[in-house]
Structures are given as C-alpha cells and as structure tokens.
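Here is a short briefing on a ligand site and the spaces around it. Have the model open as you read, and follow along residue by residue.

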Amino acid sequence: MSLNINEIRKDFPILSTSIYNKPLVYFDNGATTQKPRCVVEAIENAYYQVNANVHRGVHTLSQRATDLMEESRETIKDFINAPHSREVIFTKGTTESMNLVAHSFCQQYCNEGDEIIVTAMEHHANIVPWQLQEQIRGVKLRVAPINDKGELLIDELEKLITPKTKLISVAHVSNVLGTINPIEKIIEIAHSHDIPVLIDAAQSVQHLPIDVQKLDCDFLVFSMHKVYGPTGIGILYGKEKYLNEMPPYQGGGEMIGHVSFAKTTFNELPFKFEAGTPNYIDIIGSGEALKYIKKIGLDSIKSYEDELLRYCTDELLKIDNLHIYGTVENKCSVISFLVKGIHHYDMGMMLDKMGIAVRTGHHCAQPLMDRFEIEGTVRASFAFYNTIEEVDIFISGVKRIVSMF
Ligand code: PLP
C-alpha cells in the first residue's frame, strides 16, 4: 500500500513549522521521532480525565488509570508478538533496559572471567553497562569486528564464542551505519551453544516488523521516543525463564511482595522490575503510538523509507569528495557521511541555518568512530513523514555548503 504522505504529515504539526524562516526539514529521526496528534492527545486526556496513581488504588480513577496502562502493555506485547504481557517491562528507555539486563543478568549468571559478546558497531548503551559489570564482577567484553562496508563479520563473531560466553548482545540496526544485522543467524548460532541473545532494537522497531517469538530472541530493548511515542518510556522484553530467575534491579514500590525488616519478598513479573511509580501517563501515550504505526503498516513504512534512502544515497554520491559510512545493501534509512575538508560540525551548523536538522558527532558510538579513524559524521535519518522534496532541499543544501568551502 502506498502512503498518503501529505495526509500523514498533517498528524505531525511540528513538520509545518519553520527554522530561520525556512520550512523545517527534520532528518534527525534516529535521535528521536516527532509525535502524532493522537499520542499527544492521549497524554492530555490521561492527565485531564484519568490521572491517579496506578495499581494500589481502590478508587475508580486509579483503576481506570491502571486499566489504560495495562492496555498499553498489551498493545506493546502484540506489536512485538511477545507470548505474555508479563514479559514486557516498562523502563525509562533503551539505556535503562540495557542496564537492567546487564545488572540483573550478570548478578544471576556471571562469574569472574565470564564473557559477553557485542559488536564493533554498538551504541554506548550496549557497551558501558557491560563495562560496569567488568568493574563489579570481572565480566569480560568481547567485540566482534566489522568490515569497511559496515558489515558484521559473523564468522569472527562465532569464533569469539567460548565456554565462558554468557550472552551475545547486538544492535539489530546500527544507529550510525544503518546496517541491518543478521540477527536470525546470530540467534541461531548463539542458541546452538545455549547462549541467550539480547537485541538492541532502538533503531529497528520503527522500521521493521519484529516478532520476538519467530526470532526466538531472549531479550529485546527499545525506546518509545524513537517510535513516535513519548520520551521517558523504554521497553524490555525478556523471556520469562530468565526474568523469573534474575534478581530485581531497583527496590521499592510495586516490586515488593511483602516487606519486613527480617525478610522482603518480591512481586511477580512484570512488577518485580518496575520499582516506584511508573510513568503511567507516557505509557498510555506509548500504546497510542504503536496503534498509529500499526495502522500505517510497517511494510509500507519500510518500502517508502527505502525509496527515500535510495534516492538520497544516489544524489549524495554525485557530490565530489563525499564519503558515505555504511554501504551494505541491507540498510535502514540512516545515512552517515563526511565531505573531505569540511568538519561534520560545520556542515551540521550550516544545514541548520537552512532549516535542515541533521545530527553530527560520534552518535554515542565512539568505538565505531575509532574503527573508521574518524571523529564523527553528519547523519541524516528518515521517517515515513519525510518526502523526496525534503531530500532535494537537503541535497541542494549540502551542495551549497560544499561550493562555499
Ligand atoms: N541503542 C541504539 C542503537 C540507539 O540508537 C540508541 C539511541 O540513539 C540507544 C541505544 C539509546 O537509546 P535511549 O537514549 O533512548 O536510551
């Protein structure tokens, strides 16, 4: 089904605003996406109509808020086809989901010298939580290399597996290169060695249909703000068998069973991992965001975004001295590039003056920058509300800047 982009854009009022008197061209969707009206309205309605603290309330308003929050959990469960909603945990974001797994998984399953495998293209959120575990309990991080195209060397990843490997944790899609990693293959290899796999879906869940049962991944994490939802909500999907064995990450609030000074017991899933008052209002908004995406359809979104990616890549490559980082065939709609002699920061600043929002810098992937021996890149990342006309504005902006240097 082809998308009616003009109609879709009406759902996102910010897309009709201006920056420096130029129509906004928002190509920073990898960092965060814009929010459709239905999400903002769901949040407004929740505050105005049902606001009361969830779960422990006997009164009607609290029960209504609880019902809406739990409906959202069901929507999210269905979106990734998780078997049970108790396997869907609400956190603050991908980063917190990752820290939760690193902390609780390592506490339960890792001893000194045990190993976690990641790849050279990970976001810091999939590096630093494991490094903290290196300091706390002597866990070792092993890094699977990539080639110059930005493709994971899967044979090399397999060679890193030893009897000490406890988990493989990989990005589904690189936030810098756009590479779609062969996670089905990685999971198959890992499981043949009885090793669980964590998928960082922060850059994939908004572009590709994900079915955690079909994938058979053991953990999957993502952030709602990158999926057209509110800020401050992350998702952790985990197989029950692991989540039941793993100890709580934080204490207090709904995560308790019974508390006494002699002994405290813990609640069942998912509440065991949801300490304190949850951000139930934004959780309610999150459900709306996924309903909105589902209505448009991820297959249509992917094929339209691929069109934008192809067109923009072809046009950029016509520019002299421009180098794209991440040139594999199987990519999501992210383009990182540098033009020889122009600092990425200067390019970003000058595009901003033209109303064009891109991201510059290391993109929280400094080891990947080291791999390519660069400090940073300019990154344009597209969403389904972007247009070919916007790509044209962006390309002529880059050309103007190149001609000025
Ligand atoms: N992982 C990847 C691949 C990302 O792109 C990001 C954010 O850019 C994160 C993790 C961290 O997400 P958040 O900052 O929402 O926790």
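**Pocket, ligand and cavity**

β14 gives the largest share of the lining of the largest pocket, three residues. This is a predicted model, in which local features need pLDDT of at least 70, side-chain atom pairs count only at pLDDT 80 or more, and totals for chains, interfaces and linings use all residues. Residues are numbered from 1 along each chain as its sequence is written, and side-chain values use heavy atoms, with hydrogens and water left out.

**The largest pocket**

- On a 1 Å grid over the protein atoms alone, a pocket is an open set of points with protein on both sides within 12 Å along at least five of seven lines, a cavity is a set where a 1.4 Å probe fits but cannot get out, and lining residues have an atom within 4 Å of a point.
- The largest pocket holds about 360 Å³ of space (the volume filled by probe spheres set on grid points, which are joined across faces, edges and corners).
- Of the 25 residues that line the largest pocket, His-123, Asn-175, Gln-203, Lys-226 and Cys-364 are the closest to its centre.
- At least two lining residues come from each of α4 (94-109) and β14 (359-361); helices (H or I, at least four residues) and strands (E, at least two) are DSSP runs, numbered from the N terminus.
- By class, the lining of the largest pocket has six nonpolar, 13 polar and six charged residues (Ala, Val, Leu, Ile, Met, Phe, Trp, Tyr, Cys and Pro count as nonpolar, Asp, Glu, Lys and Arg as charged, and the others, Gly among them, as polar).

**The ligand**

- The ligand sits in the largest pocket, meaning that more than half of its atoms lie within 2 Å of the pocket's grid points.
- Residues surrounding the ligand include Gly-93, Thr-95, Asp-200 and His-225, each with a heavy atom within 4 Å of the molecule.
- The shell around the ligand divides into two nonpolar, eight polar and two charged residues.
- Ligand oxygen atoms lie 2.6 Å from a side-chain N or O atom of Ser-223, 2.6 Å from one of Lys-226, and 3.4 Å from a polar backbone atom of Thr-94.
- Taken alone, the ligand exposes 400 Å², and the protein buries 85% of that (Shrake-Rupley method, 1.4 Å probe).

**The cavity**

- The structure holds one cavity of 30 Å³ or more, and about 40 Å³ of space lies in the largest cavity.
- Among the residues lining the largest cavity are Asn-29, Thr-33, Gln-203, Tyr-228 and Phe-382.
- The lining of the largest cavity has four nonpolar, seven polar and no charged residues.

**Backbone points to check**

- Most residues other than glycine have a negative phi, and most peptide bonds are trans.
- Tyr-228 has a positive phi, near 70°, and is placed in the loop between β9 (219-223) and β10 (234-238).
- The peptide bond from Leu-269 to Pro-270 is cis, with omega near 0°; Pro-270 is found in the loop between α9 (240-245) and α10 (280-296).

Definitions and conventions
Polar contact = N/O pair within 3.5 Å; in protein donor to acceptor, adjacent residues only side chain to side chain.
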